[in-house]
Amino acid sequence: RLAARHPDRVLALLVQNAVAHEEGLSDGFAPARAYWADRNPETEAAMRTLLTPETTRFQYLHGARDPNRISPDSWTHAQAILDRPGNAEIQLELLYDYRSNLAQYPRWQAYFRTHQPPTLIVWGRNDPFFTLAGAEAYRRDLPAAELHVLEGGHFVIEEHAPTVAALIADFLARTLAE
């Protein structure tokens with residue numbers, strides 16, 4: 001949103017498992033789509049499952065090449081934040097508002113096509129939420145974007161931090177040197 005609003009302030013984009021095209025949303029978004037279409041106690045209950053310890057742990061471990069490389073501190077800390085008093089209602093509002101991102105996709109895609117910011121995309125191949133098709137879709141609008149797909153899940157950086165850091169450092173050194 002900020003880049004589309006102020007393209008002159010953007011030197012480069014770094015994307016890690018974040019979509020800007022509808023085909024990037026997996027079938028796992030079906031409960032969210034139902035919630036967005038008709039917010040009611042039943043659809044809200046399905047979204048509340050996203051706030052449970054089991055789902056938080058799943059988000060970190062699903063699709064990981066080696067789940068043992070991911071520190072339990074990651075999902076334990078995330079869950080502690082989710083469990084704060086009153087936070088469930090805040091999260092439900094954020095999850096409901098996520099639908100506004102989909103409405104922005106055409107604007108973001110137009111920004112990409114018009115401004116062609118240098119872009120590095122690092123993606124976990126096995127993300128249960130954001131599909132590999134979503135990563136590849138960026139290249140329709142940004143043909144020069146660099147795409148690196150790693151064996152991992154949604155939080156690929158948790159498992160591949162040194163690799164991701166090296167990709168970012170190299171990309172920024174080349175991009176910002178120009």
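Biologist: How many nonpolar, polar and charged residues are in the lining of the largest pocket?

Modeller: In this predicted model, the largest pocket has a volume of about 1100 Å³. Its lining is made by 42 residues, with Asn17, Phe29, Tyr98, Phe130 and His154 nearest the centre. Elements that give two or more residues to this lining include helix H1 (2-5), strand E1 (13-16) and helix H7 (99-115). By class, the lining residues divide into 32 nonpolar, nine polar and one charged.

Biologist: Which helix gives the most to the lining of the second largest pocket?

Modeller: The second largest pocket has a volume of about 150 Å³. Twelve residues line this pocket, and Pro117, Pro118, Thr119, Ala144 and Phe171 lie nearest its centre. They divide into six nonpolar, three polar and three charged. With three residues, the element that gives the most to this lining is helix H9 (residues 156-177).

Biologist: What is the hand of the crossing of H2 and H3?

Modeller: Two packed helices are described by the angle between their axes and the distance between the axes. For H2 and H3, the angle is about 145 degrees and the axes are 9 Å apart. The crossing of H2 and H3 is left-handed.

Biologist: How do the residues of the contact of H2 with H3 divide into nonpolar, polar and charged?

Modeller: H2 and H3 pack with their axes 9 Å apart. H2 makes the contact with Pro31, Ala32, Ala34 and Tyr35, and H3 with Thr43, Glu44, Ala46 and Met47. These residues of the contact divide into six nonpolar, one polar and one charged.

Biologist: Which strands stand at the edges of the sheet?

Modeller: The open sheet has three strands in the order E1-E2-E3, with parallel pairing. Its twist averages 10 degrees from one strand to the next. A strand with a single partner has one side left without a neighbour in the sheet, so the strands at the edges are E1 and E3 (146-150).

Biologist: Which residue in E2 stands opposite Leu13?

Modeller: E1 and strand E2 (residues 119-124) run parallel and are joined by four bridges. Opposite Leu13, the residue in E2 is Thr119.

Biologist: What angle does the direction of H9 make with that of E2?

Modeller: Helix H8 (residues 132-141) lies across E1, E2 and E3, and runs at about 170 degrees to E2. H9 also packs on the sheet, where it touches E1, E2 and E3. The direction of H9 makes with that of E2 an angle of about 165 degrees.

Note on methods: Residues numbered from 1 in each chain as written. Predicted model: local features only at pLDDT ≥ 70, side-chain atom pairs only at ≥ 80, totals over all residues. Heavy atoms only, no water. 1 Å grid on protein atoms, 1.4 Å probe; cavity = no way out; pocket = protein on both sides within 12 Å on 5 of 7 lines; lining within 4 Å. Points joined across faces, edges and corners; volume = space filled by probe spheres on them. Nonpolar A, V, L, I, M, F, W, Y, C, P; charged D, E, K, R; others polar. Axes fitted to C-alpha atoms, helices over the stretch in contact; angles between N-to-C directions. Left-handed = near helix turned anticlockwise from the far one by under 90°. Contact = heavy atoms within 4.5 Å. Pairing = 2+ DSSP bridges.
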